Structures are given as structure tokens and as C-alpha cells.
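Welcome, and please take a moment to look over the sequence and the 3D view. The briefing below walks through chain layout, surface, chain-to-chain contact and charged pairs.

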Amino acid sequence: MVKAGRDDRAAFATLIHRATLGVAHSLQELTQPPVATRSRA
Amino acid sequence: MSSCPFEEHLTAYLDQQLPDLKRRQVEVHLASCASCGETEALLRKTLVAVGSLPVQEPSPNLKRAVISQLPEAPDRVGLWAGLRRAWQAPAVGLAAAAAVAVVVTTRAGQAGRLESGPGAGDAGSFLVAQHLDVLDDYEVLGLDSTDDVDLILTLHEVEAPEVEAP
């Protein structure tokens, strides 16, 4: 069995964090209310 | 992306995967870093939202679809490779040979009947699909009857005899 070293675990944790952060930002964009635009008179 | 070195630990912090020392360092840092505080709140909200979603079960074909896209591994153990290896142990080899002989005999006996009619290939494919959970670990090209499945099911029960030291 191949055991993960400390570097591997850190790299994996970083990968998970970036993926989660990506989901968080996408979710934020999807759920935030649309920006009101001023119509030209 | 934040340039704060603590930011990349926030997901592990929320998942309670950090060692005690690092966890305490993150807690202290969160009290003074507004950027990490915002990110932590965003991640926490996301994890709650994702956690409330229903669990999606992968389709039965997903594993096969993923494996089919992987390059062939050099040490992949298929049915024939396993049998060749087993052949080197006398008792196992005998049992394996008997199993292969029965499979070949069964196929030979049914070949004319199945291949002469329409949909012969479909019947074999259907059997493979029906017993995919059993056959997944073997390289099986086709089955002609449920007897073949029974044989494959018992292959793993064949064990090599213990050899006594002289």
C-alpha cells in the first residue's frame, strides 16, 4: 500500500480548498441579486 | 485569490481536519484578518448549502465509463492473467483448468445454437450486463450461460494449499 506523505496531504488539502472556494464563488454569483442598471432617459 | 497564507487552511479548518496547533493558529488569525473572516464565512455558508443537497448516486455505468477512458495499465490483472498465475500452484491450477474446460465446453456446446439465431450477441451482452457486479474485476468478452457466471463466482474461492517446509 502506498501511504501519502505530509506533502501529498498538504497538496490534497490545497486542492480541496481551491475546489471548495471555486464552488463558493460560483454559488455566490448564482445567488446574489442582479445588479440594477440605470436606464438612459 | 487572497495572498494571506492562512487562507488555504480554511476549508480544512471548517472540516475539522487541522492538527490542534494549526487549528489554534487559524482561530487566532481569524480574529484579526478581515479577508480570511469573509472567506471563512463564505466557505461555511457553501458547506452548509452543499450539505443540504440530496445525495446523488452514480449510475451503474459510471464506473465502466470512467475505466474505459483510462489507459491500459501494464499490471492489470485480467481473468486469463489470473489463471496463468494460478496455474503455477498445482492444486489451484487443476481447479482453474477444470473451470476453463467447463467454460470452453459450455461455449462450444452452445456456440452453434446461439450464433445461428438472430440476437446471439445480444444474449451474451445481456448476461454480462446482468452480472456486471461479479464480472467487473475480470476481462470477460461475453457469456453464453449463467453457468459461466457461477464458475467465475467460485474462482476466488480456490486457494493455494499450504506447502510444508522440508
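This is a predicted model: local features need pLDDT of at least 70, side-chain atom pairs count only at pLDDT 80 or more; totals for chains, interfaces and linings use all residues.

A residue is called buried when its relative accessible area is under 20%, exposed when it is over 50%, and partly exposed in between (1.4 Å probe, protein chains only). Residues are numbered from 1 along each chain as its sequence is written, chains are lettered from A and ligands numbered from 1 in the order in which they are written, and side-chain values use heavy atoms, with hydrogens and water left out.

**Layout of chain B**

- Chain B has nine helices and zero strands, where helices (H or I, at least four residues) and strands (E, at least two) are DSSP runs, numbered from the N terminus.
- Along the sequence the pattern reads α-α-α-α-α-α-α-α-α.
- Chain B has 166 residues, and 26% of them count as buried.
- Among contacts in chain B with a separation of 6 or more, 51% join residues 24 or more positions apart; a contact means heavy atoms within 4.5 Å.

**Surface**

- Chain B has an accessible surface of about 11900 Å², and carbon and sulfur atoms account for 58% of it. Such areas come from the Shrake-Rupley method with a 1.4 Å probe, and for residues only the protein chains shown count as cover.
- B:L62, B:V66, B:I67 and B:L70 make a nonpolar surface patch of about 340 Å². Patches take residues with over 30% relative accessible area and no salt bridge, joining like charges within 9 Å and nonpolar side chains (Val, Leu, Ile, Met, Phe, Trp, Tyr) within 5 Å.

**Where chain B meets chain A**

- Twelve residues of chain B are in contact with eleven residues of chain A.
- About 950 Å² is buried between the two chains, 74% of it from carbon and sulfur atoms. Buried area here is the accessible area (1.4 Å probe) that two parts lose on being put together, summed over both.
- On the side of chain B that touches chain A, α1 (10–14) and α3 (34–51) each give two or more residues, and α3(B) provides the largest share, seven residues.
- Zero salt bridges are counted between chain B and chain A.

**Salt bridges**

- Over all chains, the structure holds three salt bridges, each being a side-chain nitrogen of Lys or Arg within 4 Å of a carboxyl oxygen of Asp or Glu.
- B:R23 pairs with B:D20, with the closest N and O atoms 3.5 Å apart. These two residues are separated by about one helical turn because they sit three residues apart in helix α2 (residues 20–30) of chain B.
- B:E27 also forms a salt bridge with B:R23, at 3.4 Å from N to O. Together, B:D20, B:R23 and B:E27 are linked in a network.
- B:R23 is partly exposed at 28% relative accessible area, and B:D20 is partly exposed at 47%.
- In helix α3 of chain B, B:R44 and B:E40 are four residues apart, so about one helical turn separates them. Their closest N and O atoms in the salt bridge are 2.5 Å apart.
- B:R44 is partly exposed at 44% relative accessibility, whereas B:E40 is buried at 12%.
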